[in-house]
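User: I am new to this structure and would like to know what stands behind the terms used for it. Please go through them with me.

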Amino acid sequence: KGKCPEDGWDESTIELFLHELAIMDSNNFLGNCGVGEREGRVASGLVARRHYRLIHGIGRSGDISAVQPKAAGSSLLNKLTNSVVLDIIKLAGVRTVTNCFVVPMATGMSLTLCFLTLRHKRPKAKYIIWPRIDQKSCFKSMITAGFEPVVIENVLEGDELRTDIEAVEAKIKALGAENILCVHSTTSCFAPRVPDRLEELAVICANYDIPHIVNNAYGVQSSKCMHLIQQGARVGRIDAFVQSLDKNFMVPVGGAIIAGFNESFIQEISKMYPGKASASPSLDVLITLLSLGASGYKQLLKERKEMFSYLSSELKKLADNHNERLLDTPHNPISLAMSLRNLDENNDAAVTQLGSMLFTRQVSGARVVPCGSVQTVNNYTFKGFMSHANNYPCAYLNAASAIGIKKQDVDVFLKRLDKCLKTSRKESKKEKSVNEISNSNTGTEQLED
């Protein structure tokens, strides 16, 4: 049926299935005589076993989704993977999605592929409207495709940074709709930025006949992010949404899913991919989903949501104990932020040092964001880089509840963060005392002079 099985398969069944697919590829035929330049020859047995002897990759030189006659097994693997992934996207909340395909590139390059496909539809366009999110790959995806990003600054509503809808529409009118390739919006993001107002953006795109590409990097694991995409497509226009395989399905980095509501447009994107492609990301995600089953994946989504509530309540307690506060970002379903005002009052070095302390104590993924850092990316200068705004009111620390997180991860993180904050406070007080003594000595010397 091309759907994810409700209950996961055991490993021996999955391996038997993969071996059955592999013997359908010509390089595994007994007595095969290959005289071409690409015959699925592999020098190392270890490499062959690592790939279950599925060596031919996916697609043909003109279309990544096309069937390769001498690699029937690999082609079937590709078709099944795309079908199973489509089923999971529907299960996760985007019910009306019509087509998707796995591409062996991470999210940034997959977004670039979408933009390059749109170039042929809108040859006059040179701008991409982009509500600001301080993450390099999605910004570089537009530059790499040869377009000029038009950065729309976010608006501060309470603690949250939200889409400035009025500024988006004003910029469309100023530049002219025909000169705009698309609106490039974001769902999953680091707090205090929250998912873009997708419904309002989708309506604007429909009204001005402008394509809309959504960066849904790690949004499949969030019912709220998926609901936003579903609603955006229902009330307005969303042409494609792109999500990472590793962040949503716990597989190695290197693959993404490009999905959409217009089957022919998604096919156009797949045909834009030049040449054949690695089957590794497709193989990894198919093995994972067969082993989990639909029920297993739903259970992971449920556990992630529960862990988000737990992380939120425990991080709030810790923030209160340190005279800080958990920033109020109810529209962000994955990421949380805790203020670092006490460290920020001293200097940026104290804030960044906290990040180093956490990393050396084996806490990975927590981001410490100082105020006012400036960074240039491809000749564009961002003030307050990493905070998604020129002047966010305070420094802060990020933590996220992503798929696969366990209660133990949260508990250990909070314990180590608590210790680091205490150490940082002691060092800040010591430094402050030294500075005060130094200043008083300088004053005495000046009086003597």
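User: Which residues is K276 in contact with, leaving aside its neighbours within four places in sequence?

Analyst: K276 is in contact with R38, H56, I58, G59, R60, S61 and Q68. Contact means heavy atoms within 4.5 Å. This is a predicted model, in which local features need pLDDT of at least 70 and side-chain atom pairs count only at pLDDT 80 or more, while totals for chains, interfaces and linings use all residues. Residues are numbered from 1 along each chain as its sequence is written, and side-chain values use heavy atoms, with hydrogens and water left out.

User: Why is K276 called buried?

Analyst: The relative accessible area of K276 is 16%. Buried means under 20%, exposed over 50%, and partly exposed in between, with a 1.4 Å probe and protein chains only. K276 is therefore buried. Its place is the loop between α10 (263-272) and α11 (280-321); helices are DSSP runs of H or I with at least four residues, strands are runs of E with at least two, and both are numbered from the N terminus.

User: What makes the approach of the K276 side chain to H56 a polar contact?

Analyst: The side chain of K276 reaches the backbone oxygen of H56 at 3.0 Å. A polar contact is a pair of N or O atoms within 3.5 Å; within protein, one must be able to donate a hydrogen and the other to accept it, and residues adjacent in sequence count only if both atoms are side-chain atoms. The 3.0 Å value lies within that limit.

User: Is S61 buried or exposed, and how do you know?

Analyst: S61 has a relative accessible area of 62%, so S61 is exposed. S61 lies in the loop between α2 (45-50) and α3 (72-92) and is in contact with Y273, P274, G275 and K276, its neighbours within four places in sequence left aside.

User: Which residues does the UniProt annotation "binding site" with K276 cover, and how do they lie in space?

Analyst: The annotation, from an unreviewed UniProt entry, covers R60, S61, Q68 and K276. UniProt positions are given in the numbering used here, feature names are shortened, and annotations may be inferred rather than shown by experiment. These residues are spread over 217 residues of sequence but cluster in space, the largest C-alpha distance being 9.6 Å.

User: Where else does UniProt place the feature "binding site"?

Analyst: The unreviewed entry also places it at R234, R361 and K426. They are spread over 193 residues of sequence and also in space, up to 54.0 Å between C-alpha atoms.

User: What makes Q230 buried, and what lies at its side chain?

Analyst: Q230 has 12% relative accessibility and therefore counts as buried. Q230 lies in helix α8 (residues 223-235). A polar atom of the Q230 side chain lies 2.6 Å from the backbone nitrogen of R95.

User: How do you know that β2 and β3 pair?

Analyst: Two strands pair if DSSP finds at least two bridges between them. Strand β2 (residues 127-131) and strand β3 (residues 148-152) have five bridges, in the parallel sense, so they meet the definition. One of the bridges joins I129 and V150.
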